[in-house]
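Keep the picture open while you read.

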Amino acid sequence: MEKGALVRRRFLKLAAATAVAALAVAGCGGDSDSPTPAQPAPSAGPAGGELVVGRILPETGLLSTLSPAMVVAVDLAVEDIKAAGGSIRLLRADSQTDPDVAPEAVNRLLGEGAEVIVGASASGVSQSFIQTLYDAQIPQCSPSNTSPSFSTQQNAAFYFRTVPPDQAVTLTLVQIVAADGATNVAIPARADDWGNNLSRLLADRFADLGVNAEVFAYDDDATSFDPTVAAIEAMGPDAVVLVTFAEGAQIIRGLLEAGVPPTAMYATDGVYDLNLPEMVDPNNPNVLDGMVMTAAGGSSEFSDRLSDLTDGNVLYGGQAYDCVMILALAARAAGTHDGPAIIEQVGKVTSGGQECREYSECAGLIDAGVDIDYEGVSGPLALDEVGDPTFGRYVVAQFIDGALAVIDSQDVDLTALG
């Protein structure tokens, strides 16, 4: 099925539910080309009082290394909204990076009154409760789900994300590996939703460049990775691209023992960790010098603000901050906390209107009847019909003298990928 047809099917399901809400907010829109009226101080918020945000992120589990920046960024967004006169309350839950645990945690958040959800971090974890949120018509924003599956599945009608799907990071990473001269690439990958999709995209993109690539899928519940390492060693690759979570440290250790140098290793965001060298070999801080990683980035200004609170960990922080801001602004534009009305406004507040960057500025424009284009701290989002960003900003980092240092930044326009 063509994407356009699927999009129409996905949003037609919301048409009836949003008809009443659309009438209620008809007066909130404005002509983005018209002169900007004076911006009054934002009022306490839209009808319905405080917006109740449920946050479900991996404070423990395999992706807990990604959590600090996202957790702090959500807190910062809530603080900034309150400081600007917005009315918002935060509920918290730990997904434990476990698709068996997360649904219960989400049900608890909903029972406590959550009207929108931020999270989860892992694509597979979001998949474990996305049907629940679809049935309850609760908007969900993930700052770090990159699986392409969400772009096409029918039960994602109340879902959007502030990080692009893996097509974007695939382009960046494959170009780096190919430019380094690799011709025979091994891709150890988790056999879950994220790993299966990303590894396939990588292999296809390498093939487009004439580079041989082979995927070595492993059970995401595996405790030993010796068979995976042995299979990669037998292949004799000149580069290895890891599509892993924290278990990647064990695979890297095995690869090093098999003679694969860190300069031939590349990693995606699932194992992006400032402390990875210590996880691989606590006695050798330089064990990974030369290894390259890629991850979604954000503005340097926000990263500096966040870094001071997270010991330098900023991964997905900008995206998490933007999730909260978009949900709050969409609720304000909708004039209600009704789920269908909020999700109807999500794309509208991120494109096509007058640019604004802070909650106070954006809320003032909304209250004055002006269409807005929220420019996030993670970049110009411009969400498309299915709730995916059409812009991606990525950092390229390398371990140098035992520390992970950003060596490059690349922007990707997803509308040009075809």
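**Questions about the terms**

Q: Which residues count as contacts of Met291, leaving aside its neighbours within four places in sequence?
A: Met291 is in contact with Leu242, Ile252, Pro262, Met265, Ala267, Leu276, Ala397, Gln398 and Phe399. Contact means heavy atoms within 4.5 Å. A friendly caution: this is a predicted model, where local features need pLDDT of at least 70 and side-chain atom pairs count only at pLDDT 80 or more, while totals for chains, interfaces and linings use all residues. Residues are numbered from 1 along each chain as its sequence is written, and side-chain values use heavy atoms, with hydrogens and water left out.

Q: Which residues have the most contacts inside the largest nonpolar core?
A: They are Leu276 and Met291, in a core of 131 residues. Helix H11 (residues 317-334) gives the largest share of this core, 12 residues. A nonpolar core is a set of buried Ala, Val, Leu, Ile, Met, Phe, Trp, Tyr and Cys residues joined through side-chain atoms within 4.5 Å. In soluble globular proteins, nonpolar side chains tend to be buried together.

Q: What makes Asp371 buried, partly exposed or exposed?
A: The relative accessibility of Asp371 is 30%, so Asp371 counts as partly exposed. Asp371 sits in the loop between H13 and strand E12 (372-376).

Q: How many helices and strands does the protein chain have?
A: There are 13 helices and 15 strands. These are DSSP runs (helices H or I, at least four residues; strands E, at least two), numbered from the N terminus.

Q: What span should the 17 residues of helix H2 (residues 67-83) have?
A: The expected span is 1.5 Å times one less than the number of residues. For H2 that is 24 Å, and the end C-alpha atoms are 24 Å apart, which agrees. Among the buried residues of H2 are Met70, Val74 and Ile81. The buried residues of H2 pack against several elements, including strand E1 (51-57), strand E2 (88-94) and H11.

Q: How many cavities of 30 Å³ or more does the structure hold?
A: There are 6. On a 1 Å grid over the protein atoms alone, a cavity is a set of points where a 1.4 Å probe fits but cannot get out, and lining residues have an atom within 4 Å of a point. The largest cavity holds about 90 Å³ of space, and its lining includes Trp194, Asp269 and Tyr316. A volume is the space filled by probe spheres set on the points, which are joined across faces, edges and corners.

Conventions
Buried means under 20% relative accessible area, exposed over 50%, partly exposed in between (1.4 Å probe, protein chains only). On a 1 Å grid over the protein atoms alone, a cavity is a set of points where a 1.4 Å probe fits but cannot get out, and a pocket is an open set with protein on both sides within 12 Å along at least five of seven lines; lining residues have an atom within 4 Å of a point.
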